Amino acid sequence: MPSTLVIGGGPAGLAAAWAAAQVGDQVTLLDDNPALGGQIWRGGVPAAHQRFLDPSITVRTGVQIHSANQIPAADRLILATGTRERFLPFPGWTLPHILGAGGLQAMVKSGLPIAGKRVVITGTGPLLLAVGAYLRKRGAMVVLIAEQAPFSRIAQFTRELWREPAKLFQAAQLGWGLRYRADAWPIRADAGSITIQGHGKIPCDYVACGFGLVVNTELPALLGCAIDAGQVVTDSKQRTTIPHIYWAGAGSVDRSILEGQIAGFDLERARPLYPARDRALRFDRRIDQAFRLRSELSNLAAPDTIVCRCEDVPFGAVWQQRDWRSAKLQTRCGMGPCQGRICGPALEHLCGWPASSVRPPIFPTRLENLLDERR
Amino acid sequence: MIRITINGRSLEVAAGTTVAAAVMTIQPGFRRSVSGELRGPLCGMGICMECRVTLNGHRHERSCQTLCTPGMEVVTDA
């Protein structure tokens, strides 16, 4: 029986594991989180997708992959490591009441009580609206959703949504009654408040802040898969440039599920899904376009604003460096425990530096774990 | 419910609560940065490493990726 290993148990990984099991593979699914579902289904896979939890799949959660030797052998490897949020540094962004937009949502899904708390949501993208709707449902006072994109772009995007009535309905349902403002972005944070462009200083308990999503390309890059403009390069069957390695996910849930199924199925069952996947991909590209970052956001960080939170490197020490490598060598920017996962995407926007090469271990790990691998 | 201790203080949390969520209910800060700033979780998904705590004597554990278990001893750096 051919074997398939799936890494990442979000919508794409779950769909991939299920599809691979359907075509008769022996499937193992690994995930770094304490439970399956990824970020979007943290706290439970919805009833409509419960079928993905096929009992024939061997599931191992809480598994962190830090190097290639640690990946169990399989005939086929499907990577579905998902995305993380992009953060842009602004004065005060390292204060403990500032979290990611998805970050605060994940914390609430993981048991953080939010009822009665004043929350300001800011950054960009449809995620802000989804997070606002979720936090409000859990009793938070969502004071403001401040979206950086210009009103004109959002208006045009919303008009285009008429072609996708289901999505328009979903957006209207999420946004109903929420104070959502375009052309608004964070200027600075102080203890217990956030100052938003055009809206002044707003007292709050938490700020949920995210500037779009960045693909977790570390593992595919480590395995030699080609990466282009922050995306894993794939063909129509979701094959990467390395034989037997597939990639799925990192967009909307709809697209992630389709890509997962295409990666997991055989060619015959995958092919009919191509048009739906391509349509979902086009929709995601329209979102990226509508919510692209405005140039003013490049000027938020002051010289003393910390860019690298692990090593406390201020923007002033980094911006005159030649490239990412020189910033690392001269300032230790990106050399701490997160290995540039947070400051890398920020500096990509602020300085135009592409991500640098990846080397194992891709996550900090104990020495005994590395020694175990050699035995 | 699950009983854990955070910096010696006893706390009861619902099953399925992560250590990060439990710590956040009682204090904002998790660690001190290399220059002494108070820090708490940012990403909530195991990427940023800002939520590191000592769990049952193991240092530098990511509290957002760990579920509370009965009797767990959590020590923060801040």
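**Close-up views of a predicted model**

**View 1. Buried residues sit along helix 1 of chain B.** In this helix, B:Val19, B:Ala20, B:Ala21, B:Ala22, B:Val23 and B:Met24 are buried. The model is a predicted one. Helix 1 of chain B spans residues 19–26 and is mostly covered. Of its 8 residues, 6 are buried. What do the buried residues of helix 1 of chain B pack against? One element is helix 2 (101–109) of chain A. The others are strands of chain B: strand 1 (2–6), strand 2 (9–13), strand 5 (52–55) and strand 7 (73–75).

**View 2. Helix 1 and helix 7 of chain A cross at roughly 30 degrees.** Two packed helices are described by the angle between their axes and by the distance between those axes. Here, helix 1 covers residues 11–22 of chain A, and helix 7 covers residues 253–264 of chain A. Their axes come within 7 Å. Angles under 35 degrees count as roughly parallel, so helix 1 and helix 7 of chain A are roughly parallel to each other. The crossing of helix 1 past helix 7 in chain A is right-handed.

**View 3. Residues of helix 1 meet residues of helix 7 in chain A.** On the helix 1 side, the residues include A:Pro11, A:Leu14 and A:Trp18, along with several alanines, among them A:Ala12 and A:Ala15. On the helix 7 side, they include A:Val253, A:Ile257, A:Glu259 and A:Gln261. How many residues of each class does this contact have? There are 12 nonpolar, 5 polar and 1 charged.

**View 4. Three strands of chain A form an open sheet.** The strand order is 10-11-12, and the pairing is antiparallel. Strand 10 (186–190) and strand 12 (200–203) of chain A stand at the edges. Each has a single partner strand, so one side of each is left without a neighbour in the sheet. Neighbouring strands of this sheet are turned by 25 degrees against each other on average, direction ignored. Look next at strand 10 and strand 11 (residues 193–196) of chain A, which pair over 4 bridges. Within strand 11 of chain A, A:Ser193 is the bridge partner of A:Asp190.

**View 5. A:Arg285 lies in helix 9 of chain A.** This helix runs over residues 274–290. Is A:Arg285 buried or exposed? A:Arg285 has 11, so it is exposed. A:Arg285 and A:Gly251 are 34 residues apart in sequence. In space, they are 9.3 Å apart, C-alpha to C-alpha.

Definitions and conventions:
Residues numbered from 1 in each chain as written. Chains lettered and ligands numbered in written order. Predicted model: local features only at pLDDT ≥ 70, side-chain atom pairs only at ≥ 80, totals over all residues. Axes fitted to C-alpha atoms, helices over the stretch in contact; angles between N-to-C directions. Helix = DSSP H or I, 4+ residues; strand = E, 2+ residues; numbered from the N terminus. Parallel < 35°, antiparallel > 145°, perpendicular 65-115°, else oblique. Left-handed = near helix turned anticlockwise from the far one by under 90°. Contact = placed C-beta atoms within 7 Å. Nonpolar A, V, L, I, M, F, W, Y, C, P; charged D, E, K, R; others polar. Buried ≥ 20, exposed ≤ 12 C-beta atoms within 10 Å, placed from the backbone. Pairing = 2+ DSSP bridges.
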